[in-house]
Amino acid sequence: MSAVAKGAPVSAVAKGASVVIVGAGVTGLSAAFWLARDGVDVLVLDKGVVGYEASSRNGGGCTHYQSPLFHEEQRLWPRMDELLGYPTEWRGERIVIAVTEAQLARYHRIQGIVGELGYRVDLLDPRQVRDAVPLAGANLGGVHIRTGGQANPQRTVQAYAWAAQDHGARILQHTPALGIAMAGGRAVGVRTAAGVIGCDQLVIAAGPQSDRLARDAGLDLPLAPARAEMIVTEALPPMPLGGVDGNGLYGRQTLRGNLAYGGGWHEWLDAVPADNPLPRPSTPTIRPLARRLAELFPKAAHARVIRSWAGIVENTPDGRPVLDRPADPGNVTVATMSSVGFGLSPATGRALRDIVVEGRCTFADLGKLSLARFRDLDPDWRRRQGWFTPAAAPAREEMPA
């Protein structure tokens, strides 16, 4: 069932808005919430239903310590249920388990970085890991991050959509953005099959379609789309802390007890259709994903995988998001999160509200997330980085995590 309530007919919804957002994932929906909360007339368009891509198909992590939005992410998540008026199932803290020496060294570095940012992180020895994580077995230790946490992606998408509507935002589903209408050097609307939907300002938050739409506005946004896989097991006894990562995986234990995890290799795509969703077949990545989950939780190795999800994500060349409103055309804001959109969404939406209304983010320096950093990018960057999937790929279960 759609997360969006039945609203006005298309003729009323499609009349345009002061701010039009293309993309009803968590980034676009959070921006719509923060804008509508301040009384801005906002309309969100999506080619399918809200959150259909990676926004509802991810591990639900809320701990992005490498982002300039990290402090705001941590400040907002504990308040989001109250702010939105709907449950996100947010729960604080995370444990990260190491099963190799290389992982342990990396997690100890994380402990130092997050500690320097002012948050508590405890080092755990193997026994402490087993005490805290009943499903764990042999391990080399880990870290207990006393901030961050995890939330339910499906619940969170619903919460953003409903809260945005409660504040007057309009959401138009099954309405692909076919292009951007330009006039006088500015974006004046979004072209759809039903006609042009006018706008004063435009936010492009369309995931893997963002590069195509940005080109219509004269912007070069380098992206590589990929299909990312998630698996879900049958329900198991709940652990004291639902957020447990490690062994190249990200994910959480749901309130029902299911293990929902992803990570590892992407299936790189050449292009993503603008007007219809891609099929979601299971891919060879499920086998190594299930194996690594059994290595992380040996006492859950008997659990059956009951379903899998695949969502389309977009990645920038350096793996960092782009949050920017370039001077030309001046009324187009680009928001692509490079696979880290869910956890940062409370802060990202607020930052986009600031960029649209104030002209800049008022609570964080987003300079390193500007589009200008790719000005001299090699046109062949995808192939140089190996970000493509050959037609005849080798068996992936032997590839390293």
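Student: Is Cys199 buried or exposed in this chain?
Tutor: The model is a predicted one. A residue counts as buried under 20% relative accessible area. Cys199 has a relative accessible area of 9%, so Cys199 is buried.

Student: How many disulfides does the structure hold?
Tutor: A disulfide is a covalent bond between the sulfur atoms of two cysteines. The cut-off for such a pair of sulfur atoms is 2.5 Å. In this structure the number of disulfides is zero.

Student: Which cysteine sulfur is nearest to that of Cys361, and is Cys361 buried or exposed?
Tutor: Cys361 has a relative accessibility of 10%, so Cys361 counts as buried. Cys361 takes part in no disulfide. The nearest cysteine sulfur is 19 Å away and belongs to Cys62.

Student: Where does Leu76 lie, and which residues does Leu76 touch?
Tutor: Leu76 lies in helix α3, which covers residues 70-76. Its relative accessible area is 0%, so Leu76 is buried. Not counting residues up to four places away in sequence, Leu76 touches Trp34, Leu83, Pro346 and Ala347.

Student: What separates the C-alpha atoms of Leu76 and Ala347?
Tutor: Ala347 is among the residues that Leu76 touches. The two residues are 271 residues apart along the chain. Their C-alpha atoms are separated by 7.1 Å.

Student: Which residues are in contact with Val332, leaving aside its neighbours within four places in sequence?
Tutor: Val332 lies in strand β17, residues 332-336. At 0% relative accessibility Val332 counts as buried. Its contacts are Ala187, Leu202, Ile204, Ala217, Leu219, Asp324, Arg325 and Pro326.

Student: What is the C-alpha separation of Val332 and Ile21?
Tutor: Along the chain, Val332 and Ile21 are 311 residues apart.

Student: Which peptide bond is cis, with omega near 15 degrees?
Tutor: Most peptide bonds are trans. Pro329 is found in the loop between β16 (322-324) and β17. The cis bond runs from Asp328 to Pro329.

Student: What is phi of Glu93, and where is Glu93 found?
Tutor: Most residues other than glycine have a negative phi. Glu93 is found in the loop between α4 (80-84) and β3 (94-98). With a relative accessible area of 25%, Glu93 is partly exposed. Its phi is positive, near 75 degrees.

Student: What is phi of His174, and is His174 buried or exposed?
Tutor: His174 is found in the loop between β6 (170-172) and β7 (179-183). Although not a glycine, His174 has a positive phi of about 55 degrees. Exposed means over 50% relative accessible area. At 57% relative accessibility, His174 is therefore exposed.

Student: What radius of gyration does the chain have?
Tutor: The C-alpha trace spans about 65 × 50 × 40 Å along its principal axes. With 401 residues, a compact globule would have a radius of gyration near 21 Å. The chain agrees with this, at 21 Å.

Student: What share of the contacts with a separation of 6 or more comes from residues 24 or more positions apart?
Tutor: The chain has 11 helices and 17 strands. Buried residues make up 57% of its 401 residues. Of the contacts with a separation of 6 or more, residues 24 or more positions apart account for 75%.

Student: How far apart are the mean positions of the positive and negative charges?
Tutor: The chain has 43 positive and 39 negative charges. Their mean positions are separated by 3 Å.

Note on methods
Residues numbered from 1 in each chain as written. Predicted model: local features only at pLDDT ≥ 70, side-chain atom pairs only at ≥ 80, totals over all residues. Heavy atoms only, no water. Helix = DSSP H or I, 4+ residues; strand = E, 2+ residues; numbered from the N terminus. Rg over C-alpha atoms; globule rule 2.2 N^0.38 Å. Buried < 20%, exposed > 50% of the residue type's maximum accessible area, 1.4 Å probe, protein only. Contact = heavy atoms within 4.5 Å. Lys, Arg positive; Asp, Glu negative; His and termini not counted. Charge placed at Lys NZ, Arg CZ, Asp CG, Glu CD.
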